Amino acid sequence: MPVSRFYIWHIEFIINHKFFMDLKNLNKLSLDGIKRICGNMLKRKIFGSNDLKPLMLCYYVNYDCNFSCQFCSRKEEVNSIKKVEQLSLKDSYRLLEMARKSIPAVYFTGGEPLLHPHIEAIVQKAKELKFNLIALNTNGSLLNRHWEILDGLDVLVVSLHSLNEKRIAKICGVNEISSSQIIKNIEDCAKLQKLKKFKMTINCVITPDNIPDVYEILDFCLKNNLKLSIVPEEGRGCMVNNELKDNPEYKKLIEHLIKIKKSKKGVIFNSTLYLEIIQDLSNPFSCIPSLLSCVAPDGQLYYPCPEISNKIATNILHYESYDLAAEAGKAKFNSLFGKFIGCAEANTFKAAHIEPLLLVENPLNYLG
Ligand SMILES: C[S@@+](CC[C@H](N)C(=O)[O-])C[C@H]1O[C@@H](n2cnc3c(N)ncnc32)[C@H](O)[C@@H]1O
Ligand code: SF4
């Protein structure tokens, strides 16, 4: 099998989304992207290096939000009085242009990205720049006002933590009308996947209180031709919710998802390796977050990740290239804290960091 079709940042995208299997998309995989992926595998597998090059840009386009989720991982920034400035449209374009020269894929998030006044134009720009993969993560409440954004996306990720409108309202801090709108939007959007040529994934945060809801969401995904991605709830600073550790209902749920992953191809987005890891949350994971490069709404690059370097980032737009900005961010971090070699005993189980690392470390197992 040619390497270009084999080593992409997230093998699940290949298998589940058939993204690179689709010949019309093959020409989108740049040589630079292939080199970057293979380089990481060599560095990690052969030399055991922690200094890996990002495969995906995670661009927090804003920190505005119309929800106030109980567990929001960006609670401190979202709707904070001390607003983080957003880049102008022109600077957002420049950021994407710079990133594209180094990073093959882009993931738009926030805040709620659909509240950004120029989100369609930003996604369109990413399309023009031929990112290998363009994904956007939304709470789903505003999709009915943004159907056109689907034309620019390869993957739409919608958060959903329950199907019960009252419970959604409680979890997300919204009213029940918004809750039913989210479900309707998801159902309407799901029907457009084929026509608009994108794939849709539901992202469900597992908390000690919504475990039974996840089974219902799984059925909902099967019924509506959606993929399900799960992540255990984390507090600030990479702390997984302690109530999930040693919770028999949680373990039973993950076991069930592993079985479903084997028996019903394509519905569970997470890799089996990831699901096996999060089965036991008391076992710390060695996290190397550098495969995902996170950038704040004002263009600040978080090195090595937003959890660690919230305040010591480097603004990409102050540099001639993304790579130079990344080097400067690294040097700044190293001078303050010493060389970052990963979080050996991290209490974090973030799919966004763990999944690409699993791919780079265990490409063959990852496929299984
Ligand atoms: C910060 S949100 C931004 C995008 C959008 N507002 C949304 O909620 O989908 C990004 C993703 O992180 C998830 N998330 C939020 N808080 C989390 C937490 N404490 N632990 C794990 N995932 C979390 C959300 O469900 C969402 O899928
Ligand atoms: S919708 Fe997303 S950004 Fe908004 S509060 Fe919820 S998790 Fe946070």
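Between which two elements does the loop holding Lys 197 lie? Lys 197 is placed in the loop between α9 (193–196) and β5, where helices (H or I, at least four residues) and strands (E, at least two) are DSSP runs numbered from the N terminus.

## Basis of the description

This is a predicted model, in which local features need pLDDT of at least 70 and side-chain atom pairs count only at pLDDT 80 or more, while totals for chains, interfaces and linings use all residues. Residues are numbered from 1 along each chain as its sequence is written, and chains are lettered from A and ligands numbered from 1 in the order in which they are written.

## Backbone features in two loops

Lys 197 has a phi near 55°, which is a positive value in a residue other than glycine. In the loop between β11 and β12 lies Pro 304, and the peptide bond that joins Tyr 303 to Pro 304 is cis, with an omega of about -5°.

## The sheet

An open sheet of nine strands has the order β6-β5-β4-β3-β2-β1-β10-β11-β12, with mixed pairing; two strands count as paired if DSSP finds at least two bridges between them. Because β6 (227–232) and β12 (314–315) stand at the edges and each has a single partner strand, one side of each is left without a neighbour in the sheet.

Strands of a sheet pair through backbone hydrogen bonds, in either a parallel or an antiparallel manner. Strand β10 (residues 292–295) and strand β11 (residues 300–302) run antiparallel and are joined by two bridges, and Cys 294 has Tyr 302 as its bridge partner in β11.

## Helix packing around α11

Helix α10 (residues 211–224) and helix α11 (residues 248–263) have axes that come within 9 Å and cross at roughly 15°, the axes being lines fitted to C-alpha atoms, for helices over the stretch in contact, with angles from 0 to 180 degrees between N-to-C directions. This makes α10 roughly parallel to α11, on a scale where angles under 35 degrees count as roughly parallel, over 145 as roughly antiparallel, 65 to 115 as roughly perpendicular and the rest as oblique. The contact is made by Ile 211, Val 214 and Leu 218 of α10 together with Glu 249, Tyr 250, Leu 253 and Ile 260 of α11, two residues being in contact if their C-beta atoms, placed from the backbone, lie within 7 Å. By class, this contact of α10 with α11 has six nonpolar residues, no polar ones and one charged residue; Ala, Val, Leu, Ile, Met, Phe, Trp, Tyr, Cys and Pro count as nonpolar, Asp, Glu, Lys and Arg as charged, and the others, Gly among them, as polar.

The axes of α11 and helix α12 (residues 272–279) also come within 9 Å, crossing at roughly 165°, and α11 and α12 are therefore roughly antiparallel to each other. On the α11 side the contact is made by Lys 251, Ile 254, Leu 257, Ile 258 and Lys 261, and on the α12 side by Thr 272, Leu 275, Glu 276, Ile 278 and Gln 279. These residues of the contact of α11 with α12 divide into five nonpolar, two polar and three charged.

## Helices α7 and α8

Helix α7 (residues 165–172) packs on helix α8 (residues 176–191) at an angle of about 110°, with their axes 8 Å apart, and the two are therefore roughly perpendicular to each other. Glu 165, Lys 166, Ile 168 and Ala 169 in α7 meet Glu 176, Ser 179, Ser 180 and Ile 182 in α8, a contact that by class has three nonpolar, two polar and three charged residues.

## Ligand surroundings

Ligand 1 is surrounded by 17 residues, of which the closest are Phe 71, Ser 73, Ser 159, Asn 203 and Glu 234; a residue is near a molecule or strand if its C-beta atom, placed from the backbone, lies within 6 Å of it. The shell around ligand 1 divides into five nonpolar, eight polar and four charged residues.
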